[in-house]
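Hi there,

Here is the structure I promised to pass on. Have a look at it first, and my notes follow below.

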Amino acid sequence: DERLAFRSTHGGVLPARPRQHDHVAPVSEALRAPAVHPRTAPRQAGVLDATLAGVGTAWTGVLCHGTSQTPIIEALRAGRCFVSEAAMLSLACNVSPMGSEMKVTPGDHLCFRLRAADYYGLRWVRLVSGGVTVKTWDLDDGRVFDEELYVEAVPGRGYFRLEAVSRDDRRAFSAPIYLQS
């Protein structure tokens, strides 16, 4: 199971929630478990780290292996990131992460893994493709969302993107997964 450890640019565990001058909240298991300092946390092969940089109330989450400059820059260049005021996001299609380009033909079956988490709760999460909402989940303020959705590839839908809105109307958008015919 993929675990995300969220670290500040100063190497410490991030605060519980981004506010005017704060950074970011821990997610996934971190929402249910006590915080662990990154230098004392056990390291595992395949564990993803998300390094977050804040600007005002919006920030960019980067999904990468490690927290040094090289993997962060590589992940940004590959588009494995999201922009948010609150929620953490992760989107994958047939194991291709957000930011990927996929070759598909009409009628291909696509399996999306959609994940979002927000400390104060999620109002809704939706998958968007080609400017059209594919599906919206009303979450009743749930803190963690983890779903798989099967979709058939349709001509004209050049991308899929994950969007979320938290209970306090803060928004998040994933980098798209681009489809090529």
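Let me start with a charged pair: the side chains of arginine 123 and aspartate 169 meet in a salt bridge, at 2.5 Å from N to O. By salt bridge I mean a side-chain nitrogen of Lys or Arg within 4 Å of a carboxyl oxygen of Asp or Glu. This pair links distant parts of the chain, since arginine 123 sits in strand β8 while aspartate 169 is in the loop between β10 (159-166) and β11 (171-174), 46 residues apart. Helices (H or I, at least four residues) and strands (E, at least two) are DSSP runs, numbered from the N terminus.

Before going on, please keep in mind that this is a predicted model: local features need pLDDT of at least 70, side-chain atom pairs count only at pLDDT 80 or more, and totals for chains, interfaces and linings use all residues. Residues are numbered from 1 along each chain as its sequence is written, and side-chain values use heavy atoms, with hydrogens and water left out.

Back to that pair: arginine 123 is partly exposed at a relative accessible area of 32%, and aspartate 169 is partly exposed too, at 43%. The classes are buried for under 20% relative accessible area, exposed for over 50%, and partly exposed in between (1.4 Å probe, protein chains only).

How many salt bridges does a search of the whole structure find? The count is five. Another of them joins arginine 126 to glutamate 163, again side chain to side chain (2.5 Å, N to O). Arginine 126 belongs to strand β8 and glutamate 163 to strand β10, so this pair ties together parts 37 residues apart in sequence. Arginine 126 is partly exposed at 27% relative accessibility, whereas glutamate 163 is buried at 3%. Salt bridges with shared partners also bring Arg126, Arg161 and Glu163 into one network.

Then there is aspartate 146 with arginine 113, whose side chains meet in a salt bridge of 2.8 Å, N to O. Aspartate 146 is in strand β9 (residues 132-152) and arginine 113 in strand β8 (residues 109-129), so the pair ties together parts that are 33 residues apart in sequence. Aspartate 146 is partly exposed at 43%, and arginine 113 is partly exposed at 32%.

Now the overall picture. Of its 181 residues, 46% are buried. Among contacts (heavy atoms within 4.5 Å) with a separation of 6 or more, 57% are between residues 24 or more positions apart. The accessible surface is about 9,400 Å², and 51% of it belongs to carbon and sulfur atoms; the areas come from the Shrake-Rupley method with a 1.4 Å probe, and for residues only the protein chains shown count as cover.

In helix α1 (residues 69-78), the buried residues are Pro71, Ile72 and Ala75. They cover an arc of only 100° around the axis, which puts them on the same side of α1; the arc is that of the directions from the helix axis to the C-beta atoms. Gln69 and Arg77 are exposed on the other side of α1. Glycine 79 follows α1 and has a positive phi, near 80°.

Lastly, the cysteines. With a disulfide defined as a pair of cysteine sulfur atoms within 2.5 Å, the count comes to zero. The sulfur of cysteine 93 is 7.5 Å from the closest cysteine sulfur, in cysteine 111, which is too far for a bond. Cysteine 93 is buried, at a relative accessible area of 0%.

Best wishes
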